[in-house]
Amino acid sequence: MSFSRNKRHSRAHDVLVRLAALLPVRKRIDWGTTLAVYWRTDFWGGGFEAIRKLSDISLDDLLEIDRQKEELVTNTEQFCAGLPANNALLWGARGTGKSSLIQAILNHLHVRGLRLVQVEKSALSDLGQIMAQLHALPFRFLIVFDDLSFDEEDDAYKQLKSALEGSLFTSSTNALIYATSNRRHLVSEYMRDNLTTTQSRGELHESEAVEEKISLSDRFGLWLSFHQFKQDQYLHVVEYWFKKLALDYDVKLNWTRHLRQEALTWALNRGVRSGRTANHFAKYTIGKALLEISQTQQ
């Protein structure tokens with residue numbers, strides 16, 4: 001009888017060993033050398049995964065958004081110094097520098113213990129678990145939701161709203177939420193929302209549905225708006241990236257009136273004048289010139 005029991009235990013142990021070998025092994029994060037991580041979730045749960053290659057963009061690279069840059073840098077410096085600071089919502093036109101600004105701030109302040117955790121919208125329910133793992137660490141963490149938005153039938157925004165207004169982040173001393181979005185209120189709004197308003201005694205009462213949607217963005221203490229560049233702003237940024245890339249690749253090219261016109265046409269074809277559009281045009285132009293030079297040398 002004892003022999004049979006021991007045999008069953010041995011088989012069970014062998015099964016557990018084999019199962020353990022199949023489980024994904026997440027490497028322990030060395031926060032001293034790792035500046036940014038993803039929060040990854042799978043069948044077995046969630047965990048941090050180091051981001052190996054980060055953009056080297058600097059604050060000096062971000063032009064024509066001086067007000068937004070100053071406010072977010074100041075807020076983050078307060079946070080790094082252990083002073084009161086706000087969760088921040090960066091909203092506006094695509095390609096205008098929202099995500100790049102957060103990356104540049106990380107590059108600027110990582111020496112003061114700043115770290116970044118990028119989280120997908122699908123992992124909103126993991127915020128409590130994420131905070132529990134970060135709470136005892138001697139660093140300051142930006143929990144970043146990039147390009148965040150919610151559809152009409154998506155109730156996930158209520159989880160973020162609850163986290164922002166509850167004790168999860170208000171009691172935390174080492175984590176802030178920074179979110180970027182193309183939508184000011186994060187949740188899609190429709191004309192029919194306004195049609196649900198009613199008139200009573202001369203006062204206009206907005207529907208509770210509209211108020212609930214708007215109230216999510218109200219939970220962020222700092223709002224920063226980003227807009228398409230005016231033509232002169234756009235050309236200023238294009239010229240900056242053109243000259244920077246030409247210097248980086250040691251190619252001698254002049255910024256000409258013809259290139260200015262090409263840059264305007266480039267933006268017109270894409271429907272937006274932004275820092276991203278300017279950077280893409282500069283890469284295209286410098287890359288094309290370098291290719292032509294290499295072909296003539298063959």
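In the predicted model, Arg 140 lies over the face of Phe 79, 5.6 Å from the ring centre; a charge counts as over a ring if NZ of Lys or CZ of Arg is within 6 Å of the ring centre and within 35 degrees of the ring normal. The charged end of Arg 270 sits over the ring of Trp 266, at 3.6 Å from its centre. Residues are numbered from 1 along each chain as its sequence is written. As this is a predicted model, local features need pLDDT of at least 70 and side-chain atom pairs count only at pLDDT 80 or more, while totals for chains, interfaces and linings use all residues; side-chain values use heavy atoms, without hydrogens and water.

Eight aromatic pairs are found in the whole structure (rings of Phe, Tyr and Trp, the last by its six-membered ring, with centres within 6.5 Å; planes under 30 degrees apart are stacked, over 60 edge-to-face, the rest tilted). Trp 31 and Phe 141 form an edge-to-face pair, 5.0 Å centre to centre with 80° between the planes. Ring pairs link Trp 31, Trp 39, Phe 48, Phe 139 and Phe 141 into a cluster. Phe 141 is buried, with a relative accessible area of 0% (buried is under 20%, exposed over 50%, partly exposed in between; 1.4 Å probe, protein chains only).
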